[in-house]
Amino acid sequence: MSKQFWLIESQMVPLRPFSQDLRARRYLPWDAQVAALSDQEMKAICDRLNSTPRKCLGWRTSTEVFKDELMKLR
């Protein structure tokens, strides 16, 4: 099973696995088994998280920052 996650690490705010889990859990019931989610359900959660503007990114989304960084590599 292949999943795609884009996590942008801020220089100012260290990311902790616990806080990342809470962000994803916002969209799931607490008793939900993450391993039992379908690829489509997992992708929907990832898309929602990656399309949320973040203050630490200058109110840009993780997806926008990731694409900008990719363009710099070309």
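Visitor: How many salt bridges does the structure hold?
Guide: The model is predicted, so local features need pLDDT of at least 70 and side-chain atom pairs count only at pLDDT 80 or more, while totals for chains, interfaces and linings use all residues. Residues are numbered from 1 along each chain as its sequence is written, and side-chain values use heavy atoms, with hydrogens and water left out. A salt bridge here is a side-chain nitrogen of Lys or Arg within 4 Å of a carboxyl oxygen of Asp or Glu. The number of salt bridges in the structure is three.

Visitor: In which helix do D47 and K43 both lie?
Guide: The side chains of D47 and K43 form a salt bridge, at 3.0 Å from N to O. Helices (H or I, at least four residues) are DSSP runs, numbered from the N terminus. The two residues are four apart, about one turn of the helix, and both belong to residues 39-50, helix α2.

Visitor: How far apart are the closest N and O atoms of R60 and D68?
Guide: R60 has a relative accessibility of 33% and counts as partly exposed, a class between buried (under 20% relative accessible area) and exposed (over 50%), with a 1.4 Å probe and protein chains only. D68 is also partly exposed, at 35%. R60 and D68 form a salt bridge whose closest N and O atoms are separated by 2.6 Å.

Visitor: Is K72 buried or exposed?
Guide: K72 forms a salt bridge with E69, with 3.1 Å between the closest N and O atoms. The two residues are three apart in helix α3 (residues 62-73), about one helical turn. E69 is partly exposed at 39%. K72, at 61% relative accessibility, counts as exposed.
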